[in-house]
Amino acid sequence: MAINCAMIGSGNIGTDLMAKLKRSANLNPVWMVGIDENSDGLLKAREAGLKTTHEGVDGLLKHIEEDNIQIAFDATSAYVHGENNRKLQEKGVLVIDLTPAAIGPFCVPPVNLKDHVGEQEMNVNMVTCGGQATIPMVAAVSQVQAVEYGEIIATISSKSAGPGTRKNIDEFTFTTSGAVEKVGGAKKGKAIIILNPAEPPLMMRDTVHCLTETEPDQEAITASVHAMIKEVQKYVPGYTLKNGPIFDGNRVSIFLEVEGLGDYLPKYAGNLDIMTAAATRTAEMFADEIEAGRLTLTKLSA
Amino acid sequence: MDLKGKKIRLHDNALRDGMHSVGHQFTLDDMVRMATALDDSGMSLIEVTHGDGLGGSSVNYGFGLHTNKEYLDAVIPKMKNAKISALLLPGLGTVEDLIMAADCGISTIRVATHCTEADVSEQHIKKGRELGLDTVGFLMMAHMTQPEALLEQAQKMVDYGANCIYATDSAGYLLPDDVTSRIGILHDAFGDDIEIGFHGHHNMAMGIANSLAAVEAGASRIDGSVAGFGAGAGNTPLEVFVAVCDRMGIDTGVDVDKIMDVAEDIALPLMPTPTRIDRDALTLGYAGVYSSFLLHAKRAEKNHGVPAKDILMELGRMGAVGGQEDMIEDVALNIKKKLA
């Protein structure tokens, strides 16, 4: 039996996520929550047969028990996530956070999803699109040898960056650089995001620079990077290594491209896919735990 | 062109844009010597930061010899009349960096976005205004959008709280008529409420001509750098522009004789190679490519044996924007693969 889910936020990410959840074997998207009745996301959700509300998270809360919603995805913004999270957790709903709020622990599936098993967490944070695309590579290097400094540059097409991302661009920078350290394993992390308005829109591009503490073991790092690429490809088939790893002194540089599945926005918007696919994979694992009786959702009082 | 009696404010960028030319390696003494000499010449605004602004120090753009705080702390207390500005590119620098720079005593924050992406500047422009800074919206690569669209973006920055808007010719691509149309539409829309500025690069040798066109169209702030010390073939060389303005009767407040000496005696000796329009710099202007890509492309040529000119042309074809320095090595590797 699939676990019933709600999506909070009917923008680019929420709408793309709906398509992923529709295909999931053990997740069942039931509700889509927005704030604008006429938004494209809510329209698409109604077309897909989901229940919708344009009254924000409050419009959903009264239906949580009757529809047995156990997992909610928050794709609103860092500023409203805190309040959304509080309200959902009071109802015992597990929250997968796709904003850069980072209240809960970071989750980058191929690196640390397994670590979250058995932790009874009620909120996990999916970092950012740039973080999902690059942190696996930082980890691939740091698993071989110590990384003094990890830097990531994420370039996304202007058309794939919604108003929430633009208004709160600092949160991208802070959250991503924090996760480059905490999940990627770099002692110091830095994150840069660039929007490019070229037409036709460019594919998401990501560059990862690691400075290793000692001379890089080229063979071991190359093997580790290729193995990690395969892990990410399991849930984002369009994740590809364009160039590298190249080595220059202690610098290791890796050049990536992320092509999406074209679910909501066209294939160039790999930044949407890598977030929504990672969130789906994370939720599927929690759903397995719930179904197997190993994870019991608890109502947290405020 | 009759510009007699116009009064404009010059903004020297040698200690920020010039950082690109030295791989962000100015010493504190270099900065202080040049800034004090510029102050003494009558320059009213001087920008001091890493070439890519606050938060710019990185593998991608190059690590600074010192932190931005160290540079600002060294220069600001030494200024008699000149005010110091800092540059901030949202996505790279953050509000935290802005607060740090404000605490150091900058008077002006320039928040720079690509010319079509002004809405990433909201947090930073609002904070700049809240801190009481002279807050400038800096629309880069202004050749990549049409004047009407540029105005729409400028309006967003004004709505966030910017009191001055720049059309920034980061690639040195614009020709005088292009400057006239861009500055003109901004000036017509905002009147005297909002100052308009122009930042040129000299890759097509248009720095002076474009700056004059900007003044004629209503710009009251003009960027440049002494001896043209800046990315690509440099910025509008300010000692030359000051001399031209002097002959035309434009009041800049800068002493021609003194700024010539700063150019010759202080700026020039600090340049690893004199700023000139070599074929790679000309390619920037010709293909419309971000000027600070120049030295990165030359390095990629050296490391991967692919001509910098070819790399820059390809980046122009791709529509690369400011900040995408990471694509330079990627493009070089791709060209190398094709040739193999």
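**Entry 1: terms and ground rules**

I call a residue buried when its relative accessible area is under 20%, exposed when it is over 50%, and partly exposed in between, using a 1.4 Å probe and protein chains only. I looked up B:Ala205 first, and because its relative accessible area is 43%, I noted it as partly exposed. B:Ala205 is not a glycine, yet it has a positive phi of about 60°, and its place is in the loop between β7 and α8 of chain B. For the element names I rely on DSSP runs, numbered from the N terminus, with helices being H or I of at least four residues and strands being E of at least two.

I keep in mind that this is a predicted model, in which local features need pLDDT of at least 70 and side-chain atom pairs count only at pLDDT 80 or more, while totals for chains, interfaces and linings use all residues. Residues are numbered from 1 along each chain as its sequence is written, chains are lettered from A and ligands numbered from 1 in the order in which they are written, and side-chain values use heavy atoms, with hydrogens and water left out.

**Entry 2: helix α7 of chain B**

The 15 residues should span 21 Å, and the end C-alpha atoms are 21 Å apart, so the two values agree. Among the buried residues of this helix I listed B:Val179, B:Ile183, B:Leu186 and B:Phe190. Taking contact as heavy atoms within 4.5 Å, I found that the cover over the buried residues of α7(B) includes α6, β6, β7 and α8 of chain B. Just after the helix, B:Gly191 takes a positive phi of about 55°.

**Entry 3: the strands around β7 of chain B**

I count two strands as paired if DSSP finds at least two bridges between them. By that rule β6(B) and β7(B) pair in the parallel sense over 5 bridges, with B:Tyr166 standing opposite B:Gly197 in β7(B). The chain runs from β6(B) through α7(B) to β7(B) in a right-handed β-α-β crossover; right-handed here says that, with the strands pointing away from the viewer, the path from the first strand over the helix to the second runs clockwise. On β7(B) I also found parallel pairing with β8(B), residues 221-224, over 2 bridges, where B:Phe198 has B:Ile222 as its bridge partner. The unit made by β7(B), α8(B) and β8(B) is right-handed as well. Of the 5 residues in β7(B), 4 are buried.

**Entry 4: rings**

I pair rings of Phe, Tyr and Trp (its six-membered ring) if their centres lie within 6.5 Å, with planes under 30 degrees apart counted as stacked, over 60 as edge-to-face and the rest as tilted. Over all chains the count comes to 4 aromatic pairs. One of them joins A:Tyr149 and B:Phe63 edge-to-face, at 5.4 Å centre to centre and 70° between the planes, and this pair crosses between chains, from strand β7 of chain A to the loop between β2 and α3 of chain B. A:Tyr149 counts as buried because its relative accessibility is 8%, whereas B:Phe63, at 35%, counts as partly exposed.

**Entry 5: cis bonds**

I noted that the peptide bond from A:Glu199 to A:Pro200 is cis, with omega near -5°, and that A:Pro200 is in the loop between β8 and β9 of chain A.

Technical notes: Expected span 1.5 Å × (residues − 1).
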